Amino acid sequence: MFLKKIVATKQKEIDILKQKGQQDHVLSLAKNTPRSLSAALLATSFGIIAEIKPASPSKGVIQAEIDPITIATEYERGGAIAISVLTDRTYFQGSAENLINVRASVGLPVLRKDFIIDAIQIEESLQMGADAILLIVAILEEKQLKDLVQHAHQLGLEVLVEVHDEQELKAALSCEADVIGINNRNLHSFETNLETTERLLPMISSAQPVIAESGIHAPADALRMKNAGAAGILVGEYLMRQTNREQAIQALLSEV
Ligand SMILES: O=P(O)(O)OC[C@@H](O)[C@@H](O)c1c[nH]c2ccccc12
């Protein structure tokens with residue numbers, strides 16, 4: 001199973017981080033003034049989180065030569081409320097540098113998109129300058145999820161908790177997520193289906209904003225997710241492939 005392979009890669013990265021003894025330095029970090037992802041979502045009727053995603057396991061290379069700063073600036077000008085940056089190198093050709101550079105070039109909250117399974121990766125996220133991190137319920141035990149959420153909050157980071165089915169949603173609702181993300185992509189088969197959001201969203205009555213993730217490829221899809229009750233959407237591939245990204249975001253927003 002692919003997720004297992006990714007988690008094994010992450011375990012190796014964690015071992016290296018631990019050897020470096022990063023934890024000792026975390027308290028002396030000069031931290032950015034945090035920008036709140038959840039507040040940005042709550043402040044708008046429908047928000048777009050635009051993603052810097054150079055490649056993916058399902059699509060291969062999406063944009064080979066990317067300048068993350070240019071792309072993030074285009075996203076911001078188009079009206080995105082936050083930027084998501086893939087930092088995984090092995091499977092998504094992302095990097096920590098991309099996140100650091102993007103955070104310094106835009107005024108929006110920046111989400112670190114990676115596969116986080118250990119507290120040390122949260123400390124690393126803080127060092128990169130992230131405002132929020134992603135936690136994927138599918139790769140975490142319930143206790144681990146709760147502990148990682150708590151650790152992020154202690155460091156002043158917000159958490160987007162991602163789910164794909166009813167059972168995962170239960171776990172997400174019992175931790176202190178700042179934002180809940182319904183991933184329309186099945187991380188085992190890679191298939192996307194917007195019905196996932198339509199099915200799960202009515203089961204959520206909590207105060208947190210809920211966003212729909214993956215598989216949004218047209219203004220009509222954005223509208224569909226808004227009609228399902230989403231506070232916003234997370235869009236990667238579709239925006240990465242555009243020649244005019246500013247206009248593409250405006251077009252998504254003009255439908256909702
Ligand atoms: O490129 P898309 O289909 O617009 O999807 C974006 C985002 O939802 C996707 O990149 C994603 C959702 N959850 C993840 C977890 C890890 C890596 C990537 C992801």
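Mentor: Please do. A helix here is a DSSP run of H or I with at least four residues, and helices are numbered from the N terminus. Please bear in mind that this is a predicted model.

Trainee: In which helix does His 153 have its place?

Mentor: The helix concerned covers residues 142–154. His 153 therefore falls within that run, and the helix is α6.

Trainee: Is His 153 buried, exposed or partly exposed?

Mentor: A residue counts as buried with 20 or more other C-beta atoms within 10 Å, and as exposed with 12 or fewer. His 153 has 14 such atoms, so the class in between applies: partly exposed.

Trainee: What distance separates the C-alpha atoms of His 153 and Glu 176?

Mentor: These two residues are 23 residues apart along the chain.

Trainee: Why does the radius of gyration agree with that of a compact globule?

Mentor: For 256 residues, a compact globule would have a radius of gyration near 18 Å. The chain agrees with this because its own value is 17 Å.

Trainee: What share of the contacts with a separation of 6 or more comes from residues 24 or more positions apart?

Mentor: Contacts here are pairs of C-beta atoms within 7 Å. Among those in the chain with a separation of 6 or more, residues 24 or more positions apart account for 68%.

Trainee: Which residue of β10 stands opposite Ile 48?

Mentor: Strand β1 (residues 47–52) pairs with β10 in the parallel sense over four bridges. On another pairing, β9 (residues 210–213) and β10 are parallel over three bridges, and Ala 212 has Ile 233 as its bridge partner. The residue opposite Ile 48 is likewise Ile 233.

Trainee: Which residues of β10 point the other way from Gly 232 and Leu 234?

Mentor: In a regular strand the side chains alternate between the two faces of the sheet. In β10, Gly 232 and Leu 234 point one way, and all four residues are buried. Those pointing the other way are Ile 233 and Val 235.

Trainee: Which elements give two or more residues to the shell around the ligand?

Mentor: Of the 15 residues around the ligand, those that come nearest include Glu 213 and Leu 234. The elements that give two or more residues to this shell are β10 (232–235) and α10 (237–240).

How values were computed:
Residues are numbered from 1 along each chain as its sequence is written. This is a predicted model: local features need pLDDT of at least 70, side-chain atom pairs count only at pLDDT 80 or more; totals for chains, interfaces and linings use all residues. The radius of gyration is taken over C-alpha atoms; the globule rule is 2.2 Å times the number of residues to the power 0.38. Two residues are in contact if their C-beta atoms, placed from the backbone, lie within 7 Å. A residue is near a molecule or strand if its C-beta atom, placed from the backbone, lies within 6 Å of it. Two strands pair if DSSP finds at least two bridges between them.
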